[in-house]
Amino acid sequence: MSDPAPLTGEPLALDLVNTRPATGDLLTTTDSLRTWWVLEADRLAEDVPGEVGAGDLAAVLAVREHIARALDHVRRGERPPAQDIEALNRAQRAAPAISEVVWDGSAIAVAPRREGSPGVRLAAGLAQAAAELLADPAVTGIRKCEADDCVMLFLPTNPRRRWCSTARCGNRMRVARHYQRRKAG
């Protein structure tokens with residue numbers, strides 16, 4: 001896969017894991033984390049902060065590694081490593097979720113909110129998304145892209161889906177097959 005843009009649109013925990021394509025890590029700097037955060041903003045409870053710190057990046061990267069290892073086991077129907085499950089639980093506890101009572105100008109409303117720094121709150125939300133995905137029976141349907149040089153994961157909505165993205169790997173693989181048939185003929 002040669003496209004450096006993150007693959008989005010899968011369950012949030014998969015989108016985070018998919019920031020590690022075969023071409024290299026897409027979350028190596030605080031700016032790259034902020035860029036990814038902006039891409040996912042409509043799916044996250046946390047607002048994108050003006051600045052993201054190194055500690056924020058470290059918290060998100062740690063959660064990503066624990067999600068990846070847990071998913072690798074659970075999608076194959078195996079028990080995930082206990083240390084990864086505990087780490088995801090710790091990440092959620094680090095930024096407790098509360099239902100904040102607010103006045104919206106005409107009535108009382110409840111707004112979900114987390115405590116802590118922006119990255120810790122983001123990591124907690126991502127750990128929560130991972131917990132929901134890991135507990136979903138559909139997790140065993142998660143597939144790895146069939147393109148030879150792609151490591152992306154996806155949850156197919158169509159049982160015939162073979163690639164992470166038809167625009168990325170699907171078209172490239174079809175063109176390669178066509179080339180091989182023409183070359184052989």
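**Entry 1, ground rules.** I am working on a predicted model, in which local features need pLDDT of at least 70 and side-chain atom pairs count only at pLDDT 80 or more, whereas totals for chains, interfaces and linings use all residues. Residues are numbered from 1 along each chain as its sequence is written, and side-chain values use heavy atoms, with hydrogens and water left out.

I took helices as DSSP runs of H or I with at least four residues, and strands as runs of E with at least two, numbered from the N terminus. Helix α5 covers residues 118-135.

I found that the axes (lines fitted to C-alpha atoms, for helices over the stretch in contact, with angles from 0 to 180 degrees between N-to-C directions) of α4 and α5 come within 7 Å and cross at roughly 135°. The two helices are therefore oblique to each other, since angles under 35 degrees count as roughly parallel, over 145 as roughly antiparallel, 65 to 115 as roughly perpendicular and the rest as oblique. The contact (heavy atoms within 4.5 Å) involves Ile 85, Leu 88, Ala 91, Gln 92 and Ala 94 on the α4 side, and on the α5 side residues including Val 120, Ala 123, Ala 127 and Leu 134. I sorted the contact residues of α4 with α5 into 11 nonpolar, two polar and no charged, where Ala, Val, Leu, Ile, Met, Phe, Trp, Tyr, Cys and Pro count as nonpolar, Asp, Glu, Lys and Arg as charged, and the others, Gly among them, as polar.

Helix α2 (residues 30-40) packs with α5 at an angle of about 50°, with the axes 13 Å apart, which makes α2 oblique to α5. I noted Leu 33, Trp 36 and Trp 37 of α2 in contact with Pro 118, Gly 119, Leu 122 and Leu 126 of α5, a set of six nonpolar residues, one polar and no charged.

Leaving aside neighbours within four places in sequence, I found Arg 121 in contact with Glu 46, Ala 95, Arg 114, Glu 115 and Gly 116.
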